[in-house]
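Please open the model in your viewer and keep the selection tool at hand.

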Amino acid sequence: GPDELPPGVWDRIKDHPCYSESAHHHYARMHIAVAPACNIQCNYCNRKYDCSNESRPGVVSERLTPEQAVRKVLVVAKRIPRLSVVGIAGPGDALANPDKTFATFRALREQAPGLKLCLSTNGLALADHIDEICALGIDHVTITISALDPLVGARIYPWIFHGHRRYEGLEAAKILAGRQLLGLEKLTERGVLAKINSVLIPGINDHHLVSLNREVKARGAFLHNIMPLISDPAHGTVFGLAGQRGPTAQQLKAVQDECSGGAQLMRHCRQCRADAVGLLGEDRSEEFSLDALDALV
Ligand code: CLF
Ligand code: SF4
């Protein structure tokens, strides 16, 4: 609620369904899947489906050009008046496709100025785009950080592509963690409200997330969302964690409880798909598919 927050912050989150638990019953969000490429490899990712950093693996969203995405937003905004936020969360990484992501946000700023813009990224390229993020008034950014210790990170991220070259193993994990924290610090400096997502992978990072929580809090993270790995054998093996199980509800709660007292935890995440439309937990993406749009105008 407003009393626990620094002045001015409540006004910025009160209609954001992810940042404010009370908003999620009243305000809708939509994702536009304009970002197909990715600049890292997560072992839990199956590239055939949406980025599992933010979304449910095993669902393939309809790829949109920036023009198609803007058109879709305008139609949805008309049909769902309580739409408050438009996010880009994949299906790859929003900032591995900066031209598409920012062209879309720029057009939305002009054509739908009342909507809040939200960006979700693995953070590798984040520090390079802070000025553009601020210039467009994107005041909600999510960075998915599942490890800071390179020994843990190397078990999650086999490689990254950074500065025109590929890095692997410990070196890759170290660069990625450094870039994620740098991006977070820069957002905090500029007053952008940053949320951190972590994917809980039993046996790999479950004992590491408490210290991660403290580290991101120290750098100004507003909210920490610990999401269970969703393993979906029906959709084939993930890249490098074949057979890896997701946590049970009890395991997830145990880690969340252990983190209490640090960065504030988000507990109402519904792990949306990269083209989700509606209230959290509600999926109206089919209703607003490209084919359906013409009939809706
Ligand atoms: Fe989308 Fe993410 Fe913005 Fe929300 S979702 S880009 S912050 S507008 Fe929300 Fe969905 Fe959880 Fe994401 S419930 S998966 S945290
Ligand atoms: Fe897949 Fe990870 Fe890239 Fe998301 S950030 S698309 S989960 S490799």
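A residue is taken to be near a molecule or strand if one of its heavy atoms lies within 4 Å of it. This is a predicted model, in which local features need pLDDT of at least 70 and side-chain atom pairs count only at pLDDT 80 or more, while totals for chains, interfaces and linings use all residues. Residues are numbered from 1 along each chain as its sequence is written, chains are lettered from A and ligands numbered from 1 in the order in which they are written, and side-chain values use heavy atoms, with hydrogens and water left out.

Select ligand 2 and its surroundings: 13 residues surround ligand 2, and the closest are Cys38, Cys42, Cys45, Cys51 and Asn53. By class, this shell around ligand 2 has seven nonpolar, five polar and one charged residues, where Ala, Val, Leu, Ile, Met, Phe, Trp, Tyr, Cys and Pro count as nonpolar, Asp, Glu, Lys and Arg as charged, and the others, Gly among them, as polar.

Next, select strand S2 (residues 40-41) and strand S6 (residues 159-162), which run antiparallel and are joined by two bridges; strands are DSSP runs of E with at least two residues, helices are runs of H or I with at least four, and both are numbered from the N terminus. Two strands pair if DSSP finds at least two bridges between them. Gln41 stands opposite Trp159 in S6, and the bridge partner of Trp159 in S7 is Glu168. S6 pairs with strand S7 (residues 165-168) in the antiparallel sense over four bridges, and in their hairpin, which has two residues between the strands, Gly163 takes a positive phi near 55 degrees.

Finally, select Val152, which lies in helix H5 (residues 150-156). Is Val152 buried or exposed? Val152 is buried, because its relative accessible area is 12% and buried means under 20% (1.4 Å probe, protein chains only). Leaving aside neighbours within four places in sequence, Val152 is in contact (heavy atoms within 4.5 Å) with Ala147, Ile204, Asn205 and His208.

Terms used. Buried < 20%, exposed > 50% of the residue type's maximum accessible area, 1.4 Å probe, protein only.
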